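Me: I have a structure here that I would like to understand. Could we go through it together?
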Amino acid sequence: MGRAFEFRKARKMKRWSAMSKAFTRIGKDIVMAVKEGGPDPDSNSRLRAVIQNAKSVNMPKDNIERAIKRASDKSQGDYKEVIFEGYAPHGIAILVETATDNNTRTVANVRSYFNKCDGSLGTSGSVVFMFDHTCNFKIKGEELDLEELELELIDFGVEEIFEDTDEDDDGNEVKSVMIYAPFESFGKIQSYLEENNIEILSSGFERIPQVTKKLTPEQAADVEKLLEKIEEDDDVQNVYHTMEEASE
């Protein structure tokens, strides 16, 4: 298996486990999608993707509809996507994706987390090159021939396709298929899956480290302290790093 498979396996249960945090994140995604392409998911592919993601974390339909309605209100402020780059202790590169309506607040908060945990906030471009920007899709895998699907999608730049498993609310194993490709392939792959009536369970973007660094348990604890502080911030959407993580 490739890097995307190992990356997903290691992060699967580690990040975004708190339901309230996931709802907050998706709520901002809805606002940005509606501001960009309007409130109709039929004509707004980005909004369709966010709604799929909302359903995948069991966000109630009423919550989704209210979020779309609020986002359509002209008085609703917009969120700006801002990336922060820096280093944690022991030479671990960190990339932070935020969605903020107050950049001054977010900059001050993120800088304080790095300073308090013996890290250093870097300049734009200082670590982003260490990560591959990818898109991903989780689709229903029943009756799908993975080799055939990979051949169909190879022209869209798909790099990895593999089976994945999760547990439903009753503890039963549920199988799905994960697709990973470069960031810019998202629209073409989304269109292909929709046109061929392949159900998309969720989709998104991730930054996969090109190289990871193994730390001692004590060193890893220093890095985790910083990661936890960053991830608790309401403006933070995603955090990526180059520390080698144990698979869950």
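Me: To begin, what share of the residues of the protein chain counts as buried?
Reply: This is a predicted model. Of the 248 residues of the protein chain, 44% count as buried, where buried means under 20% relative accessible area.

Me: And how much accessible surface does the protein chain have?
Reply: The accessible surface comes to about 13,400 Å². Carbon and sulfur atoms account for 46% of that surface.

Me: How many helices and strands are there in the protein chain?
Reply: The secondary structure comes to 8 helices and 8 strands. The radius of gyration of the protein chain is 18 Å, close to the 18 Å that the globule rule gives for 248 residues, so the chain is as compact as a globular protein of that length.

Me: What box do the C-alpha atoms fill?
Reply: Taken along the principal axes, the box is roughly 50 × 50 × 40 Å.

Me: What about contacts between residues at least 6 apart in sequence: what percentage join residues at least 24 apart?
Reply: Among those contacts in the protein chain, 72% join residues at least 24 apart.

Me: What holds paired strands together in general?
Reply: Strands of a sheet pair through backbone hydrogen bonds, either parallel or antiparallel.

Me: How many bridges join strand 1 to strand 2?
Reply: There are 9 bridges between strand 1 (residues 80-88) and strand 2 (residues 92-100), and these strands run antiparallel. Within this pairing, Phe84 stands opposite Val96, while Gly86 has Ile94 as its bridge partner.

Me: Which residue in the hairpin of strand 1 and strand 2 takes a positive phi?
Reply: His90 does, with a phi near 70°. The hairpin has 3 residues between the strands.

Me: And on the other pairing, how many bridges join strand 1 to strand 3?
Reply: Strand 1 and strand 3 are joined by 2 bridges and run antiparallel. Here Tyr87 stands opposite Ser120 in strand 3.

Technical notes: Residues numbered from 1 in each chain as written. Predicted model: local features only at pLDDT ≥ 70, side-chain atom pairs only at ≥ 80, totals over all residues. Heavy atoms only, no water. Pairing = 2+ DSSP bridges. Helix = DSSP H or I, 4+ residues; strand = E, 2+ residues; numbered from the N terminus. Rg over C-alpha atoms; globule rule 2.2 N^0.38 Å. Buried < 20%, exposed > 50% of the residue type's maximum accessible area, 1.4 Å probe, protein only. Contact = heavy atoms within 4.5 Å. Areas by Shrake-Rupley, 256 points an atom, 1.4 Å probe, with all protein chains shown as cover.
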